[in-house]
Amino acid sequence: MGNNVIAFVQCHDGEIKRTQLEAVSEGARIANALGGGCVAVVMGSGAADAAAGLGRYGARTARAIGDAAVAHYNGDIYGRTVAALAREHDAAVIVASATAAGKDLCPRVAAHLEAGYAADATGVRVEDGKLLVTRPVYAGKALIDVGFESDVAVVSLRPNNFEVSEGEGSAEVSEAQPVLEGPSAKVLETRQTAGERADLTEASIIVSGGRGMKGPEHFQLLEELADVLGATVGASRAVVDAGWRPHSDQVGQTGKTVSPKLYIAVGISGAIQHIAGMRTSGCIVAINKDPDAPIFKIADYGIVGDLFEIVPRLTEELRKVLQN
Ligand SMILES: Cc1cc2nc3c(=O)[nH]c(=O)nc-3n(C[C@H](O)[C@H](O)[C@H](O)COP(=O)(O)OP(=O)(O)OC[C@H]3O[C@@H](n4cnc5c(N)ncnc54)[C@H](O)[C@@H]3O)c2cc1C
């Protein structure tokens with residue numbers, strides 16, 4: 001077993017999102033602690049362009065796979081390719097951001113390599129040469145440290161939980177070929193649902209609405225607040241079940257796990273299943289007319305009152321401050 005670390009990086013038209021840089025920086029930190037190097041495996045359209053700058057984030061080597069077969073995420077081909085490169089580079093650890101693609105990819109890579117897998121890590125450290133991963137359990141109520149019995153470890157990293165470190169380094173970039181042999185689903189099309197806003201799992205600010213919004217038409221209030229803050233709009237399950245917002249907006253145990261710097265919960269009671277998806281947010285602000293709403297127990301700042309009065313005033317004040 002070697003001591004190198006593979007950091008998986010997904011790109012689109014040569015662009016890389018911040019969460020992917022988190023994986024490279026964390027991969028480099030782990031590699032340093034293990035005495036190896038970080039190899040960024042960059043897949044998607046424009047991979048060669050994207051790979052060129054990854055040395056600044058700690059990658060010693062970058063392998064670019066920009067073949068047409070990987071232009072859209074395909075778990076079969078991506079899984080085989082990352083596993084093959086992990087073998088080629090004698091990797092001890094494979095990390096990827098726990099985005100939708102990363103969550104699909106990691107277990108596949110672990111199966112190919114017969115490696116242990118720790119999902120949704122909020123912390124990773126090396127002690128006495130061994131990898132230890134901290135991850136939330138019991139709907140986020142507790143944290144556990146997980147070790148590995150296998151020689152190789154695969155870890156997905158909760159987005160927005162790991163620092164991006166930028167320096168002066170440069171990576172040796174070379175192309176690699178995707179592993180196309182073997183059964184594979186054919187991806188015909190990938191549709192963008194998030195519009196112009198960042199995906200919920202990657203957003204640094206989220207404004208979420210609950211049943212207290214009273215109807216889909218009132219989400220316009222949250223859209224306006226989100227526009228001022230550069231935020232993404234989320235929702236509770238009650239809202240999604242009522243058909244007010246699509247399921248892709250749902251935050252919680254049966255929706256998305258998010259970890260933005262700022263989470264504003266508007267008219268959301270704070271049921272355990274909702275909290276499971278957002279409790280690791282950096283700063284939680286709750287707006288609710290019920291002073292006993294459970295959301296206030298985990299909120300850093302709470303505003304007790306009618307959201308229909310508070311949200312428009314908040315938007316107006318923030319607009320004055322942020323747009324001047
Ligand atoms: C297996 C399972 C999985 C689940 N998964 C999820 C999940 O992934 N995500 C999720 O969110 N839920 C999930 N739930 C549902 C969860 O238990 C709650 O039912 C749900 O989160 C409640 O949504 P809510 O807070 O919007 O609604 P409510 O609980 O009805 O709360 C509405 C809140 O709005 C406040 N309010 C009302 N009017 C106003 C006003 N004018 N101004 C200010 N505040 C106001 C009220 O005081 C209240 O606190 C799951 C449940 C189960 C059983």
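The ligand is surrounded by 26 residues, where a residue counts as near if one of its heavy atoms lies within 4 Å. The closest are Arg211, Ser236, Thr254, Ser269 and Asn288. This is a predicted model: local features need pLDDT of at least 70, side-chain atom pairs count only at pLDDT 80 or more, and totals for chains, interfaces and linings use all residues. Residues are numbered from 1 along each chain as its sequence is written, and side-chain values use heavy atoms, with hydrogens and water left out.

**Ligand contacts**

| Residue | Protein atom | Ligand atom | Distance |
|---|---|---|---|
| Glycine 255 | backbone N or O | oxygen | 3.4 Å |
| Lysine 289 | polar backbone atom | nitrogen | 3.1 Å |
| Aspartate 306 | side-chain N or O | nitrogen | 2.9 Å |

On its own the ligand has 990 Å² of accessible area, and the protein covers 76% of that. Accessible areas come from the Shrake-Rupley method with a 1.4 Å probe; for residues, only the protein chains shown count as cover.

**Two domains**

The chain is divided into domain 1 (4-175) and domain 2 (200-322). These bounds come from an automatic or database domain assignment. The C-alpha centres of the two domains lie 31 Å apart.

Eleven residues of domain 1 are in contact with eleven of domain 2; contact means heavy atoms within 4.5 Å. About 1,000 Å² is buried between the domains, and carbon and sulfur atoms give 48% of this. Buried area is the accessible area (1.4 Å probe) that two parts lose on being put together, summed over both. Ala139, Arg158 and Asn160 supply 44% of the area that domain 1 buries against domain 2, more than any other three residues.

The rule finds one salt bridge across this interface. Such a bridge needs a side-chain nitrogen of Lys or Arg within 4 Å of a carboxyl oxygen of Asp or Glu. The side chains of lysine 17 and glutamate 202 meet in a salt bridge at 3.9 Å, N to O.

How values were computed
A polar contact is a pair of N or O atoms within 3.5 Å; within protein, one must be able to donate a hydrogen and the other to accept it, and residues adjacent in sequence count only if both atoms are side-chain atoms.
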